[in-house]
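Hi everyone, thanks for making time this morning. I'd like to walk you through one protein, so please have a look at the slide first.

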Amino acid sequence: MKGVILAGGTGSRLFPLTKVTNKHLLPVYNKPMIYYPIECMVRAGIEEVLLVTGGNNAGDFVRLLGNGREFGLKNLNYTYQDGAGGIAQALGLAEHFVEGQSMCLILGDNILEYAIRKQCDNFRRQGTGAKILLSQVQNPKAYGVAEMDGDRVVKIIEKPADPKSNWAVIGVYFYDGKVFDLVKALKPSARNELEITDVNNAYIQRGEMTADKVTGMWADAGENIDFYLQACNTIAKHGANKEPEAK
(Lines give C-alpha, C1' and ligand atoms only; values in the text may rest on other atoms or scores of the structure.)
Protein backbone atom coordinates (compact mmCIF):
# COMPACT_ATOMS: atom_id res chain seq x y z
CA MET A 1 0.00 0.00 0.00
CA LYS A 2 1.21 3.48 -0.86
CA GLY A 3 0.48 6.73 0.94
CA VAL A 4 -0.54 10.14 -0.37
CA ILE A 5 -0.59 13.28 1.79
CA LEU A 6 -2.25 16.46 0.53
CA ALA A 7 -0.54 19.62 1.76
CA GLY A 8 -1.54 22.33 -0.71
CA GLY A 9 -4.12 25.08 -0.42
CA THR A 10 -3.76 28.75 0.45
CA GLY A 11 -4.55 28.45 4.17
CA SER A 12 -6.78 31.52 3.93
CA ARG A 13 -8.80 30.52 7.00
CA LEU A 14 -5.64 30.72 9.14
CA PHE A 15 -4.54 34.11 7.77
CA PRO A 16 -2.34 35.99 8.76
CA LEU A 17 -0.46 32.99 10.18
CA THR A 18 -0.24 31.68 6.63
CA LYS A 19 0.76 34.97 5.01
CA VAL A 20 4.36 33.80 4.57
CA THR A 21 4.12 30.02 4.88
CA ASN A 22 2.00 26.97 4.03
CA LYS A 23 -0.41 26.08 6.86
CA HIS A 24 0.96 22.52 7.01
CA LEU A 25 4.32 23.94 8.10
CA LEU A 26 2.81 25.72 11.12
CA PRO A 27 3.61 24.21 14.53
CA VAL A 28 1.00 22.08 16.23
CA TYR A 29 2.20 21.83 19.83
CA ASN A 30 5.83 20.69 19.46
CA LYS A 31 6.02 19.61 15.79
CA PRO A 32 5.26 21.02 12.36
CA MET A 33 1.71 20.07 11.36
CA ILE A 34 2.93 17.95 8.42
CA TYR A 35 4.85 15.62 10.77
CA TYR A 36 1.62 14.13 12.12
CA PRO A 37 0.20 12.63 8.89
CA ILE A 38 3.66 11.30 7.97
CA GLU A 39 3.97 9.59 11.35
CA CYS A 40 0.41 8.29 10.92
CA MET A 41 1.45 6.64 7.64
CA VAL A 42 4.61 5.13 9.11
CA ARG A 43 2.78 3.65 12.11
CA ALA A 44 0.28 2.09 9.70
CA GLY A 45 3.12 0.26 7.97
CA ILE A 46 3.26 2.47 4.86
CA GLU A 47 6.82 3.05 3.62
CA GLU A 48 6.34 4.96 0.35
CA VAL A 49 4.60 8.33 0.47
CA LEU A 50 3.84 11.08 -2.05
CA LEU A 51 3.41 14.62 -0.73
CA VAL A 52 1.23 16.87 -2.91
CA THR A 53 1.75 20.57 -2.28
CA GLY A 54 1.53 23.89 -4.10
CA GLY A 55 1.83 27.64 -3.72
CA ASN A 56 5.01 29.60 -3.01
CA ASN A 57 6.40 27.45 -0.20
CA ALA A 58 6.74 24.03 -1.84
CA GLY A 59 10.52 24.09 -1.46
CA ASP A 60 10.20 24.49 2.29
CA PHE A 61 8.77 20.95 2.52
CA VAL A 62 11.88 19.52 0.87
CA ARG A 63 14.14 21.45 3.24
CA LEU A 64 12.13 20.29 6.25
CA LEU A 65 11.41 16.67 5.33
CA GLY A 66 14.17 15.67 2.91
CA ASN A 67 13.81 12.10 1.69
CA GLY A 68 11.72 11.04 4.67
CA ARG A 69 14.25 8.59 6.06
CA GLU A 70 14.27 10.17 9.52
CA PHE A 71 10.58 9.22 9.81
CA GLY A 72 11.21 5.61 8.78
CA LEU A 73 10.02 5.98 5.19
CA LYS A 74 11.65 4.11 2.33
CA ASN A 75 10.85 7.00 -0.02
CA LEU A 76 9.22 10.41 0.31
CA ASN A 77 8.23 11.78 -3.09
CA TYR A 78 6.88 15.19 -4.03
CA THR A 79 4.56 16.63 -6.67
CA TYR A 80 3.11 20.09 -7.29
CA GLN A 81 -0.53 21.11 -7.66
CA ASP A 82 -1.15 24.24 -9.73
CA GLY A 83 -3.95 26.32 -8.25
CA ALA A 84 -6.74 25.08 -5.99
CA GLY A 85 -8.75 22.47 -7.87
CA GLY A 86 -10.00 20.45 -4.91
CA ILE A 87 -9.00 17.32 -3.04
CA ALA A 88 -9.96 14.97 -5.85
CA GLN A 89 -7.89 16.92 -8.37
CA ALA A 90 -4.87 16.72 -6.06
CA LEU A 91 -5.47 12.99 -5.65
CA GLY A 92 -5.42 12.62 -9.43
CA LEU A 93 -1.79 13.80 -9.46
CA ALA A 94 -0.81 10.61 -7.61
CA GLU A 95 -1.85 8.17 -10.35
CA HIS A 96 1.63 7.40 -11.67
CA PHE A 97 3.03 7.13 -8.15
CA VAL A 98 0.37 4.68 -6.96
CA GLU A 99 0.85 2.41 -10.03
CA GLY A 100 -2.49 0.63 -9.61
CA GLN A 101 -1.85 -0.39 -5.99
CA SER A 102 -4.12 0.29 -3.04
CA MET A 103 -3.50 3.56 -1.27
CA CYS A 104 -4.14 5.60 1.87
CA LEU A 105 -4.90 9.30 1.38
CA ILE A 106 -4.56 11.70 4.31
CA LEU A 107 -5.29 15.42 4.33
CA GLY A 108 -2.23 17.10 5.77
CA ASP A 109 -4.11 19.03 8.47
CA ASN A 110 -5.85 15.97 9.94
CA ILE A 111 -4.41 14.60 13.17
CA LEU A 112 -5.53 11.51 15.08
CA GLU A 113 -4.90 10.53 18.68
CA TYR A 114 -4.51 6.86 17.84
CA ALA A 115 -2.62 5.08 15.08
CA ILE A 116 -4.65 3.62 12.20
CA ARG A 117 -2.76 0.37 11.60
CA LYS A 118 -5.90 -1.67 12.33
CA GLN A 119 -7.98 0.27 9.80
CA CYS A 120 -5.15 0.02 7.27
CA ASP A 121 -4.94 -3.75 7.76
CA ASN A 122 -8.71 -3.98 7.38
CA PHE A 123 -8.47 -2.37 3.95
CA ARG A 124 -5.56 -4.57 2.94
CA ARG A 125 -7.78 -7.56 3.65
CA GLN A 126 -10.71 -5.90 1.86
CA GLY A 127 -8.52 -5.68 -1.22
CA THR A 128 -10.77 -3.63 -3.50
CA GLY A 129 -13.16 -0.69 -3.34
CA ALA A 130 -12.78 2.05 -0.75
CA LYS A 131 -12.90 2.71 2.98
CA ILE A 132 -13.59 5.92 4.87
CA LEU A 133 -12.96 6.69 8.53
CA LEU A 134 -15.65 8.28 10.69
CA SER A 135 -15.53 10.27 13.91
CA GLN A 136 -18.39 11.47 16.09
CA VAL A 137 -18.68 15.26 16.20
CA GLN A 138 -20.80 17.76 18.12
CA ASN A 139 -21.63 19.94 15.10
CA PRO A 140 -22.23 17.63 12.12
CA LYS A 141 -23.61 20.51 10.02
CA ALA A 142 -20.01 21.69 9.56
CA TYR A 143 -18.77 18.45 7.98
CA GLY A 144 -19.37 15.82 5.37
CA VAL A 145 -21.72 13.47 7.21
CA ALA A 146 -22.30 9.76 6.64
CA GLU A 147 -25.89 8.58 6.48
CA MET A 148 -25.83 5.11 8.04
CA ASP A 149 -27.86 1.94 7.81
CA GLY A 150 -26.39 -0.01 10.70
CA ASP A 151 -22.65 -0.14 9.97
CA ARG A 152 -23.17 0.53 6.27
CA VAL A 153 -22.77 4.00 4.77
CA VAL A 154 -25.59 4.71 2.32
CA LYS A 155 -24.66 8.29 1.38
CA ILE A 156 -22.38 11.18 2.28
CA ILE A 157 -23.91 14.65 2.50
CA GLU A 158 -21.63 17.67 2.59
CA LYS A 159 -22.55 20.15 5.37
CA PRO A 160 -26.18 18.96 5.68
CA ALA A 161 -28.87 21.30 6.99
CA ASP A 162 -30.55 18.31 8.67
CA PRO A 163 -27.82 15.75 9.52
CA LYS A 164 -28.98 12.13 9.65
CA SER A 165 -26.10 11.21 11.98
CA ASN A 166 -23.23 12.83 13.88
CA TRP A 167 -20.59 10.68 12.14
CA ALA A 168 -18.28 12.99 10.20
CA VAL A 169 -16.12 11.73 7.35
CA ILE A 170 -12.57 12.61 8.38
CA GLY A 171 -9.70 13.30 6.01
CA VAL A 172 -8.34 9.75 5.90
CA TYR A 173 -9.41 7.59 2.94
CA PHE A 174 -8.45 4.23 1.45
CA TYR A 175 -8.87 3.48 -2.26
CA ASP A 176 -8.04 0.80 -4.78
CA GLY A 177 -6.31 1.66 -8.05
CA LYS A 178 -9.64 2.26 -9.81
CA VAL A 179 -10.11 5.56 -7.98
CA PHE A 180 -8.34 7.46 -10.75
CA ASP A 181 -10.95 6.41 -13.31
CA LEU A 182 -13.59 7.97 -11.05
CA VAL A 183 -11.55 11.15 -10.62
CA LYS A 184 -11.22 11.54 -14.39
CA ALA A 185 -15.01 11.25 -14.78
CA LEU A 186 -15.80 13.98 -12.22
CA LYS A 187 -17.33 17.30 -13.14
CA PRO A 188 -16.43 20.46 -11.18
CA SER A 189 -18.77 21.42 -8.36
CA ALA A 190 -20.42 24.80 -7.84
CA ARG A 191 -17.16 26.06 -6.32
CA ASN A 192 -15.29 24.85 -9.44
CA GLU A 193 -13.47 22.03 -7.65
CA LEU A 194 -13.37 18.26 -8.01
CA GLU A 195 -14.95 16.98 -4.80
CA ILE A 196 -13.73 13.95 -2.88
CA THR A 197 -17.30 13.45 -1.61
CA ASP A 198 -18.36 12.70 -5.20
CA VAL A 199 -15.64 10.04 -5.41
CA ASN A 200 -16.80 8.46 -2.16
CA ASN A 201 -20.47 8.49 -3.17
CA ALA A 202 -19.54 6.79 -6.45
CA TYR A 203 -17.98 3.92 -4.48
CA ILE A 204 -21.08 3.78 -2.27
CA GLN A 205 -23.34 3.52 -5.32
CA ARG A 206 -21.22 0.62 -6.58
CA GLY A 207 -21.57 -1.14 -3.22
CA GLU A 208 -17.78 -0.99 -2.76
CA MET A 209 -17.48 1.32 0.26
CA THR A 210 -16.84 0.31 3.87
CA ALA A 211 -16.37 2.50 6.93
CA ASP A 212 -14.46 2.21 10.19
CA LYS A 213 -15.15 4.37 13.23
CA VAL A 214 -12.17 5.89 15.03
CA THR A 215 -11.81 6.39 18.75
CA GLY A 216 -10.05 9.17 20.58
CA MET A 217 -9.34 12.66 19.33
CA TRP A 218 -9.58 13.71 15.69
CA ALA A 219 -8.40 17.22 14.86
CA ASP A 220 -8.90 19.19 11.67
CA ALA A 221 -6.13 21.62 12.54
CA GLY A 222 -6.44 23.72 9.39
CA GLU A 223 -10.19 24.40 9.44
CA ASN A 224 -9.95 27.76 11.24
CA ILE A 225 -8.00 29.46 14.03
CA ASP A 226 -10.21 28.02 16.79
CA PHE A 227 -9.78 24.46 15.50
CA TYR A 228 -6.04 25.09 15.18
CA LEU A 229 -5.80 26.24 18.81
CA GLN A 230 -7.91 23.31 19.96
CA ALA A 231 -5.67 20.88 18.08
CA CYS A 232 -2.54 22.33 19.70
CA ASN A 233 -4.03 22.11 23.20
CA THR A 234 -5.53 18.65 22.73
CA ILE A 235 -2.32 17.15 21.36
CA ALA A 236 -0.33 18.73 24.17
CA LYS A 237 -2.63 16.94 26.61
CA HIS A 238 -3.28 13.61 24.86
CA GLY A 239 -0.58 13.12 22.22
CA ALA A 240 -1.08 11.82 18.67
CA ASN A 241 -0.64 8.61 16.67
CA LYS A 242 -0.47 6.54 19.84
CA GLU A 243 -0.94 2.80 19.85
CA PRO A 244 -4.58 2.02 20.72
CA GLU A 245 -5.17 0.76 24.23
CA ALA A 246 -5.64 -3.01 24.45
CA LYS A 247 -9.20 -4.07 25.24
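I'll begin with the overall picture, then turn to one helix and a few backbone details.

A word on where this comes from: it is a predicted model, in which local features need pLDDT of at least 70 and side-chain atom pairs count only at pLDDT 80 or more, while totals for chains, interfaces and linings use all residues. Residues are numbered from 1 along each chain as its sequence is written, and side-chain values use heavy atoms, with hydrogens and water left out.

So, the overall picture. The protein has 8 helices and 13 strands; these are DSSP runs numbered from the N terminus, with helices being H or I of at least four residues and strands E of at least two.

Of the 247 residues, 52% are buried. Buried means under 20% relative accessible area, exposed over 50%, and partly exposed in between, using a 1.4 Å probe and protein chains only.

Now to helix H2, residues 58-65, where Ala58, Phe61 and Leu65 are buried. Seen down the axis, the buried residues of H2 fall within an arc of 50 degrees, so they line one face of the helix; the arc is that of the directions from the helix axis to the C-beta atoms. And what covers them? The cover includes strand S1 (2-7), helix H1 (35-43), strand S4 (48-53) and strand S5 (75-80), where contact means heavy atoms within 4.5 Å. Just after H2, glycine 66 takes a positive phi of about 60 degrees.

On to the backbone. Most residues other than glycine have a negative phi, and most peptide bonds are trans. Lysine 159, in the loop between strand S10 (152-158) and strand S11, has a positive phi of about 45 degrees. Asparagine 241 also has a positive phi, near 55 degrees. Asparagine 241 sits in the segment after helix H8 (225-238), and at 1% relative accessibility it counts as buried.

Lastly, phenylalanine 15 and proline 16 are joined by a cis peptide bond, with omega about 10 degrees. You'll find proline 16 in the loop between S1 and strand S2 (27-28).
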